[in-house]
Amino acid sequence: MIKRLELENWRSHARTVFDFKKGTNVIVGRMGAGKSSAMDALCYALYGTYPSLQQKKLKLDDVIRYGENKAKVLLLFEKDGDEYQIKRIIERGKGNTYSELKKGSTIIEAPQTKRVTENIVKILGMSYDMFTKAVYSEQNNLEYFLDIPKGKRREKIDELLNINKFEVARKNLNVLIRNLKVKKESRRELEKYSEDLEKIPKIKNEIMELKNRFEQNEKQISELQLKLNEHKKKQEEISLNRELYERLKDAISNKQGALEAIRERLREKPEKSEEELRKEVQEVEEAVKQLEELKAELKGKMEVRKKAELKKFELKSEIERIPSIDVDAELEELKKEISVVEKEIAELESSYVLLSKENSELEENIQKLMHAEEKCPVCGAELSVEKANELAKEKRKRIEENEGRLKEIKVKIEVAKDKRKSLEKKVNDLEQERRRQDKKELLVKQLAEAEEELSGYETEIQKLKQEFNVISKGRGIEELKERRESLVKALEFYENQKMLIKTENELRQLNDELKKVKYSKEVEEEVYNKIKELETKLTALNVENSSLVKQIEDRKEMLQELEKIRKEVEKGREELSFLDEMIESFDILSNVLSKTQGIIREKFTNETNEALKHFWKKIYPYADFTSLRLGIDDAGDYILQLERNGEWINVEGISSGGERTTACLCLRIALASVLAGNLSWLVLDEPTHNLDRQAIRELAQTLREGFSGLVEQIFVITHEEELKEAATASLYMLDRDKEENGATKILLD
Ligand SMILES: Nc1ncnc2c1ncn2[C@@H]1O[C@H](COP(=O)(O)OP(=O)(O)OP(=O)(O)O)[C@@H](O)[C@H]1O
Ligand SMILES: [Mg+2]
């Protein structure tokens, strides 16, 4: 039972305290007085939310009274003999900052909103969902049931009854059963292998036999292998001996061949002894050496002589080219002639100078006579012009004569000079000739020297030739060389004699060694054949054994595979019986679930219909509809129906607004009494909407009397004065100055 609700700064409430009692509590007041706010606060105190908040129609801040920063709700209730107190504080901008739950005077949970709510749900045994659907009918939400779309109602009611989980569980179970059946099938299939499993002991026996055979063979193989090894060792020794034997045989036959050849070469014995031959070889070689040296020297000398001869020849021919002339006498003569001509030239030139001088003096005198003033310029005597002219004339005649002579002298000088020139040229030529002669003299001298040199060479050559003849004794170098060859050849005889002895010794040694070697071709062949025989046997045994190994492996694999299958089959059989049990149990469980769901639904419908019938009669003031029920439509969903003349009519679509409201109100009350039976509270906010006076009166009557024993505590919120009549517990009249945005006041309680 809710005992007290205290509001502080909650919407229009500044501070309001409600004390509620068992029975019908009524809060009446005009529009906006703060009635619904009080019921919202009640819901908030219990669950930390209420429908408008939950649906986000408003924010938590909006519930704090305008101008205030903190709202507080306090609720006191009694459940199963215990008293509980809930306190919740909301701060602007911070949300619900404090929640507290007390049992008696002990705080049992604080300060977390969620934890407090969880505790309350446990104490009340009712979720927020159930509370808002079955207990708390908000304003304008009376017709909640009819507002659920058709086909969805059963689902919603199942949710309220908490039997929707049965459905989910049943579906899951069916999936599980299907899966188990599939599994069972696969296990059953394993049975087809059971025939194969019978082969297991036979295969085991076969493996044993094969293993025995394999071991026997292995024993034989190791024995044979030992023998083979012995024989191989023997064979190795024999083969070493054979190699040695063959090598010696080859060497002996080679030596014998060599001996034969040496003997052949020893058939002719030279006349001279080895010593004589060696001496002669030495002499011949010495002579050859000396002769070759002389030959080279001679060759050199002859070349030098050839060069000297060439030089002699050149000198001779150059000398011959210059003829012998005596130039000195002629040169003397010419020099004398030149000095005569030069003397003549000198005399002519001095006469020329004297005459020229005379002429210029005469010229001067003539000039003076021309300008003389009756006096002789020479002697100073009195001189007439005529005399002067005469004198001048004489003088001029003299000049003319002189000039004639000057011309003659000049010609003579020229002639003399020409002569001198030609004489000088001749001298020149002769002097040149003189130099050629000098050169010839030099060449002659050189020629003499060359001839002397040549004769020197000649002597030397003669000497060398003589020496050559002495050494060669009339034999040529080639001849000597041939001689040496034949001597060397003759000497080979003595070499071969020595070789013969050496080779005979070696042969003897080889024969001795051969005698020591032990080798027999027959024994070698015998050993070889034995080895072949042993190897053939071993190969055959090994081949057989590897095939045995494979056969054993194959059988083992088969056995493994069969063992695996055997385990699977055994496991499958165990699982099969387990699966059968499970499927059976799950089938039962699924049926139980489905049946239980049906039973609960049936029980719910029956109880609800009982309540509906009861309340309908109480609330509805007219006689046309006699009963109300929750029917089932063709699709198996719930439908609200009214009874008229024994016929059931759907409320939706047909009934009037008032009839509809009454039906829904009735359903609400019924649901609260059936679903929230353990709580037994009912909140109705404005239930009279659409109802006429008569109906309101009937409702007031019902609320007042009709719930005793059905619902413990009812809260009616209304603006309808007439419903005051319904109050059997507390009655509150609320009001507030809306113009001034005043706080809610309690006018009467
Ligand atoms: N935070 C707030 N502070 C102050 N006043 C508020 C606040 N929130 C809402 N109100 C006002 O509080 C008043 C009370 O509203 P409420 O719904 O409780 O009225 P009511 O009595 O149920 O009215 P009606 O009969 O019309 O349903 C309204 O007039 C509303 O404007
Ligand atoms: Mg209201």
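Glu8 stands opposite Lys72 in β4, with strands taken as DSSP runs (E, at least two residues) and helices likewise (H or I, at least four), both numbered from the N terminus. The model is a predicted one, where local features need pLDDT of at least 70, side-chain atom pairs count only at pLDDT 80 or more, and totals for chains, interfaces and linings use all residues. Residues are numbered from 1 along each chain as its sequence is written, chains are lettered from A and ligands numbered from 1 in the order in which they are written, and side-chain values use heavy atoms, with hydrogens and water left out.

Strand β1 is joined to β4 (residues 70–79) by six bridges, and the two run antiparallel; strands count as paired if DSSP finds at least two bridges between them. On the β2 side, β1 (residues 2–10) pairs with β2 (residues 13–19), again in the antiparallel sense and over six bridges. Here Leu5 sits opposite Phe18 in β2. Put together, six strands make an open sheet in the order β2-β1-β4-β5-β6-β7, with antiparallel pairing. The edges are held by β2 and β7 (106–109), each with a single partner strand, so one side of each has no neighbour in the sheet. On average, neighbouring strands of this sheet are turned by 15 degrees against each other, direction ignored. Angles like this run from 0 to 180 degrees between N-to-C directions, using axes that are lines fitted to C-alpha atoms, for helices over the stretch in contact.

For background, most residues other than glycine have a negative phi, and most peptide bonds are trans.

Two helices lie across this sheet. Helix α1 (residues 35–47) lies across β1, β2, β4, β5 (82–91) and β6 (95–103), at about 105 degrees to β1. Helix α3 (residues 113–124) lies across β4, β5, β6 and β7, running at about 40 degrees to β6. Contact, here and below, means heavy atoms within 4.5 Å.

A second open sheet has three strands in the order β9-β10-β11, with antiparallel pairing. Its edges are β9 (627–632) and β11 (647–650), each with a single partner strand, so one side of each is left without a neighbour. The twist averages 45 degrees from one strand to the next. Strand β10 (residues 638–644) pairs with β11 over four bridges, in the antiparallel sense, and Gln641 stands opposite Asn650 in β11. Helix α14 (residues 521–619) lies across β9 and β10, at about 160 degrees to β9.

Zooming out, the domain assignment gives domain 1 (1–125 + 678–749), domain 2 (150–222 + 520–677) and domain 3 (322–474), with bounds that come from an automatic or database assignment. The centres of domain 1 and domain 2, taken over C-alpha atoms, are separated by 52 Å. In contact are 20 residues of domain 1 and 17 residues of domain 2. About 1,500 Å² is buried between domain 1 and domain 2, with carbon and sulfur atoms giving 68%; buried area is the accessible area (1.4 Å probe) that two parts lose on being put together, summed over both. Between domain 1 and domain 2 the count is zero salt bridges, defined as a side-chain nitrogen of Lys or Arg within 4 Å of a carboxyl oxygen of Asp or Glu. Three residue pairs, both residues at pLDDT 80 or more, are in polar contact between domain 1 and domain 2. A polar contact is a pair of N or O atoms within 3.5 Å; within protein, one must be able to donate a hydrogen and the other to accept it, and residues adjacent in sequence count only if both atoms are side-chain atoms. On the side of domain 1 that touches domain 2, the elements giving two or more residues are β12 (681–685) and α17 (693–706). The largest share of that side, six residues, comes from α17.
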